[in-house]
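Biologist: Could you walk me through this model and tell me what stands behind each label? I would like every term set against its cut-off.

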Amino acid sequence: MAGSNWTLGNLSDTSGGELLEDGVFCSKEISIVAASSATVIAVLGTIGNVTTLLALGRNRAVRNRRRQPTTAFVLSLATADLLFCVAVMPLMALRYARRRWPFFDTSGAYDSVWCRLFPVALYGTVATSVLSLVALTVNRYVLIVHPSWYGTVYRRPGVVPLQLAFCWAIPYGLMAMPLFEFWGRLGFDRRTFSCTVLPSVTAFGRFSASPKKFIFIVGFALPFCAIVLCYTAIIAAVRRQRRNMQRHAAKRPVQTPASPNASMAASNDDDERHLTRTTAAIFGCFMLTFLPLTIANVLLEDADSVGEAGDLHVLASILTWHSAVLNPFIYALGSRHYRSV
């Protein structure tokens, strides 16, 4: 397949321009940092996400709690992050440690099968993690801002599985376009010593537009906007509820003994507030880890961006990798329901 296999003697970049060596995209020092970070993230992320999955599966109280849709979304998030740590991070570590694509076929060319599957795993797992976080955020939004809708939206049979199906189908459906060369293709980019999404090659031998920007917009930019809008509404609703509670407390001069039902309601409200704060923390880490890469993709995604610009791009990518570690530690290990497992 044209452009998919690169021999060791072929030193031209994906644009067919000047001769390049492997690894010119970033400095050797940054490559060492990236390889070390990928190794640590692979280990810690696997442990953290496996712990989350075990907690969700073994704790009966968690399984039977009334926030079952939330549990399903967290399960999807942990599964996507686990696949990222197991399938993507080890190859990232090898790639940056050797400053070249680690797999070759018997002829000395870059193995086309692994080279085509790697970007599917990379972009697919990251986008699935982001969309699972969107589903989790929308769940919090409906519960807090429109509580009367919650039963209608989340208690209907099949609604939650349908949302989970979309979280997984959309990313891999997008990656099917370059995989089967409907739009773009998957191959080796010697400049970044990575297998990634490349432009299509027309019948006249020219490069057409790459779907990489479109995949980025649908897989990250739009979900990012949805999360920001939801949390803006959640913050406004929480402040409004807090002011109403303060006014109500000021009008009640005498404290009456709390009934069992009132105590149970207060406990559930505490759980909801705790989960909302935890989800907000995940969102904060999402901003911290993904926003730099967003800026880098917009400002630095240029075929001639090497040297310091390439170093900044790689550092932004390293921050993004950390989301697979931070999510389970914030949600699962920070929750009293999961620490008891």
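What follows is a conversation about the labels used for this structure.

Modeller: Gladly! This is a predicted model, so local features need pLDDT of at least 70 and side-chain atom pairs count only at pLDDT 80 or more, while totals for chains, interfaces and linings use all residues. Residues are numbered from 1 along each chain as its sequence is written, and side-chain values use heavy atoms, with hydrogens and water left out.

Biologist: How many helices and strands does the protein chain have, and what makes a run count as one?

Modeller: The protein chain has eleven helices and two strands. Both kinds are DSSP runs numbered from the N terminus: a helix is H or I over at least four residues, and a strand is E over at least two. From the N terminus, the order is α-α-α-α-α-α-β-β-α-α-α-α-α.

Biologist: What makes β1 and β2 a pair, and in which sense do they run?

Modeller: Two strands pair if DSSP finds at least two bridges between them. One of the bridges joins Asp-189 to Ser-194 in β2. The two strands form a hairpin with four residues between them, and Phe-193 in the turn has a positive phi of about 40°.

Biologist: Why is β2 described as mostly covered?

Modeller: Five of the five residues in β2 (residues 194-198) are buried. Buried means under 20% relative accessible area, exposed means over 50%, and partly exposed is in between, using a 1.4 Å probe and protein chains only. Over the whole protein chain, buried residues make up 45% of the 341 residues.

Biologist: How do you know that there is a salt bridge, and which residues form it?

Modeller: The term needs a side-chain nitrogen of Lys or Arg within 4 Å of a carboxyl oxygen of Asp or Glu. Glu-181 and Arg-116 have an N to O distance of 3.9 Å, so the pair qualifies. A search of the whole structure finds one salt bridge.

Biologist: Are these two partners buried or partly exposed?

Modeller: One of each. Arg-116 has a relative accessible area of 16%, so Arg-116 is buried. Glu-181 has 35% relative accessibility and therefore counts as partly exposed. The phi of Glu-181 is also positive, near 60°, in a residue other than glycine.

Biologist: Where else is there a positive phi in a residue that is not a glycine?

Modeller: Arg-99 has one, at about 55°. Arg-99 is found in the loop between α3 and α4, and at 17% relative accessibility Arg-99 counts as buried.

Biologist: What makes Tyr-96 and Trp-321 a tilted aromatic pair?

Modeller: Rings of Phe, Tyr and Trp (its six-membered ring) pair if their centres lie within 6.5 Å; planes under 30 degrees apart count as stacked, over 60 as edge-to-face and the rest as tilted. By this rule the count comes to six aromatic pairs. Tyr-96 and Trp-321 are 6.0 Å apart, centre to centre, with 55° between the planes, which gives a tilted pair. This pair links distant parts of the chain, with Tyr-96 in helix α3 (residues 68-98) and Trp-321 in helix α9 (residues 308-321), 225 residues apart. Tyr-96 counts as buried at 4% relative accessibility, and Trp-321 counts as buried at 4%.

Biologist: Why is the pair of Tyr-150 and Tyr-154 tilted?

Modeller: The ring centres of Tyr-150 and Tyr-154 are 5.0 Å apart and the planes stand at 35°, so the pair is tilted. Both residues lie in helix α5 (residues 147-154), four residues apart, about one turn of the helix. Tyr-150 is buried at 8% relative accessible area, and Tyr-154 is buried at 4%. Phe-73, Tyr-150 and Tyr-154 form one aromatic cluster.

Biologist: Which element gives the most to the nonpolar patch?

Modeller: Helix α1 (residues 28-58) does, with four residues. The patch covers about 420 Å² and is made by Val-40, Val-43, Leu-44, Ile-47 and Phe-329. Val-43, in helix α1, counts as partly exposed at 47% relative accessibility.

Note on methods
Patches are made of residues with over 30% relative accessible area and no salt bridge: like charges are joined within 9 Å, nonpolar side chains (Val, Leu, Ile, Met, Phe, Trp, Tyr) within 5 Å. Accessible areas come from the Shrake-Rupley method with a 1.4 Å probe; for residues, only the protein chains shown count as cover.
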